Amino acid sequence: MNLAKRIMTGIVGLAAVVTLAACGSTGSTSNSPTADASDGTGGSAPAGTATSGDGKTIVVYWSGTGNTKRVAEDIAKDTDATLYELEPDPAYTQEDLNFNDADSRVVKEYEDKSLEDIKLKNAQVPDWNSYTTVYFGYPIWWQEAVWPVCNFIRDNDFSGKTVIPFCTSMSSPIGDSATNLKKLAKNPGAWKDGRRFSEDADPNDVADWVKSQR
């Protein structure tokens with residue numbers, strides 16, 4: 001199946017090819033490739049920096065174009081948490097995230113799994129051991145957690161922590177994405193069921209979900 005047909009199949013929500021999924025899972029049925037698709041700048045600190053919080057709760061996330069970022073900011077506000085944005089090295093540009101371009105970085109990485117091992121400039125969180133609750137956010141690409149976040153899970157010890165995953169997408173559910181991320185962790189801690197938010201998530205819905213996690 002050619003790339004254009006696969007992407008169109010995802011957009012209309014039909015079943016498509018089965019491929020190796022992001023973050024080392026065994027495979028998934030392709031749907032919409034991009035979940036964090038509309039641009040947005042939000043108001044958080046620059047990538048790679050952390051805003052201060054209560055010292056016990058942290059929201060770690062990566063956002064391709066702004067949707068996951070907005071949800072992460074809402075969660076941090078509602079929980080008085082530290083907000084920590086992951087920074088891929090090199091960073092993704094808008095051109096990199098053009099899912100309709102067969103020569104774009106994201107499509108090349110999807111087609112060649114060896115390219116999905118993305119380094120992070122800030123995989124190690126300052127005072128990581130002090131946090132007991134970790135909200136972990138990511139977009140969905142091709143029905144899986146985006147691969148730029150995978151090395152954070154691999155490189156950190158979640159022992160003694162409660163991990164609460166959340167994701168954003170245009171239509172795809174959270175599916176097995178959080179379960180597959182947990183499998184990457186050497187010491188995974190306790191993972192709760194995750195929550196998927198739409199690309200234009202209502203802050204009130206986010207707040208209600210946060211309350212349900214307490």
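A nonpolar core is a set of buried Ala, Val, Leu, Ile, Met, Phe, Trp, Tyr and Cys residues joined through side-chain atoms within 4.5 Å. The exercises below apply to a predicted model.

**Exercise 1. Judge the confidence of the model.**
Find the chain's average pLDDT and the stretches that stay below 50.

Solution. 
- Step 1. The protein chain averages a pLDDT of 84, and 75% of the residues score at least 70.
- Step 2. Residues 1-21 have pLDDT below 50, yet the model gives this stretch 40 contacts beyond near neighbours in sequence.
- Step 3. Residues 26-31 also stay under 50. Their contacts beyond four places in sequence number 29.

**Exercise 2. Take apart the largest nonpolar core.**
State how many residues it has, and which have the most contacts inside it.

Solution. 
- Step 1. The core has 40 residues. Phe136, Tyr138, Trp141, Phe152 and Leu181 have the most contacts inside it.
- Step 2. Elements that each supply at least two residues include strand S4 (57-61), helix H3 (105-111) and helix H4 (150-155).
- Step 3. S8 gives the largest share, 5 residues.
- Step 4. A second, separate core has 15 residues, among them Ala81, Leu83, Ile164 and Phe197.

Key
Residues are numbered from 1 along each chain as its sequence is written. This is a predicted model: local features need pLDDT of at least 70, side-chain atom pairs count only at pLDDT 80 or more; totals for chains, interfaces and linings use all residues. Side-chain values use heavy atoms; hydrogens and water are left out. pLDDT is the predictor's confidence in each residue, from 0 to 100. Contact means heavy atoms within 4.5 Å. Buried means under 20% relative accessible area, exposed over 50%, partly exposed in between (1.4 Å probe, protein chains only). Helices (H or I, at least four residues) and strands (E, at least two) are DSSP runs, numbered from the N terminus.
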